[in-house]
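Please look over the structure below before reading my notes. They are written for someone who has not seen it before.

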Amino acid sequence: MDDLFPENCGGYRLAVSGGRATVERLSTTRGLRLHVRGLAPLWSGFYGARQLAALGWLEGEREQLEAAERIFVGSEPWMSEGF
């Protein structure tokens, strides 16, 4: 769901195989439902799928959330301070 850009709403399929991902637009929505606020934290590793579900930004079946946890795994993002 994207409150600012309705054209971003709808279904997308993320397929991951051999360490590579592809995304395609779907005409229907099924599977995980992610609010646009959760996309960057999920992609960057700042929040995991379970954390986003607890915030209400990600909805889905337990198996789907577990798969998202495995796909979007990594260290928390960081930036060195050099001011």
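The numbered points below go from the overall fold to single residues.

1. Basis. This is a predicted model, in which local features need pLDDT of at least 70, side-chain atom pairs count only at pLDDT 80 or more, and totals for chains, interfaces and linings use all residues. Residues are numbered from 1 along each chain as its sequence is written, and side-chain values use heavy atoms, with hydrogens and water left out.

2. Fold. The protein chain has 3 helices and 4 strands. Helices (H or I, at least four residues) and strands (E, at least two) are DSSP runs, numbered from the N terminus. The order from the N terminus is β-β-β-α-α-β-α. The C-alpha trace spans about 45 × 35 × 25 Å along its principal axes.

3. Of the 83 residues in the protein chain, 18% are buried. Buried means under 20% relative accessible area, exposed over 50%, and partly exposed in between (1.4 Å probe, protein chains only). Take the contacts (heavy atoms within 4.5 Å) between residues at least 6 apart in sequence: 37% join residues at least 24 apart.

4. Largest pocket. Its volume is about 1,200 Å³. The search uses a 1 Å grid over the protein atoms alone and a 1.4 Å probe; a pocket is an open set of points with protein on both sides within 12 Å along at least five of seven lines, and lining residues have an atom within 4 Å of a point. The volume is the space filled by probe spheres set on the points, which are joined across faces, edges and corners. There are 34 lining residues, and the closest to the pocket centre are Tyr12, Leu14, Leu32, Arg33 and Leu34.

5. Pocket lining. Which element gives the most to this lining? β1 does, with 5 residues. Elements that each supply at least two residues include β2 (20–26), α1 (36–44) and α3 (62–71). By class, the lining has 20 nonpolar, 9 polar and 5 charged residues. Here Ala, Val, Leu, Ile, Met, Phe, Trp, Tyr, Cys and Pro count as nonpolar, Asp, Glu, Lys and Arg as charged, and the others, Gly among them, as polar.

6. In soluble globular proteins, nonpolar side chains tend to be buried together. The largest nonpolar core has 7 residues: Leu42, Ala49, Leu52, Leu58, Leu65, Ala68 and Phe72. α2 (49–55) and α3 each supply at least two residues of this core. Such a core is a set of buried Ala, Val, Leu, Ile, Met, Phe, Trp, Tyr and Cys residues joined through side-chain atoms within 4.5 Å. Leu52 touches Leu34, Gly38, Pro41, Leu42, Tyr47, Trp57 and Leu58, not counting residues up to four places away in sequence.

7. Aromatic pairs. Rings of Phe, Tyr and Trp (its six-membered ring) pair if their centres lie within 6.5 Å; planes under 30 degrees apart count as stacked, over 60 as edge-to-face and the rest as tilted. By this rule there are 2 aromatic pairs. The ring centres of Phe46 and Tyr47 are 4.8 Å apart and their planes lie at 50°, so the pair is tilted. Phe46 is partly exposed, at 41% relative accessibility. Tyr47 is also partly exposed, at 27%.

8. His35. Is His35 buried or exposed? His35 is buried, with a relative accessible area of 10%. His35 sits in the loop between β3 and α1. Leaving out residues up to four places away in sequence, His35 touches Met1, Asp3 and Trp57.

9. Helix α3. Arg62 is found in this helix and is exposed, at 59% relative accessibility.
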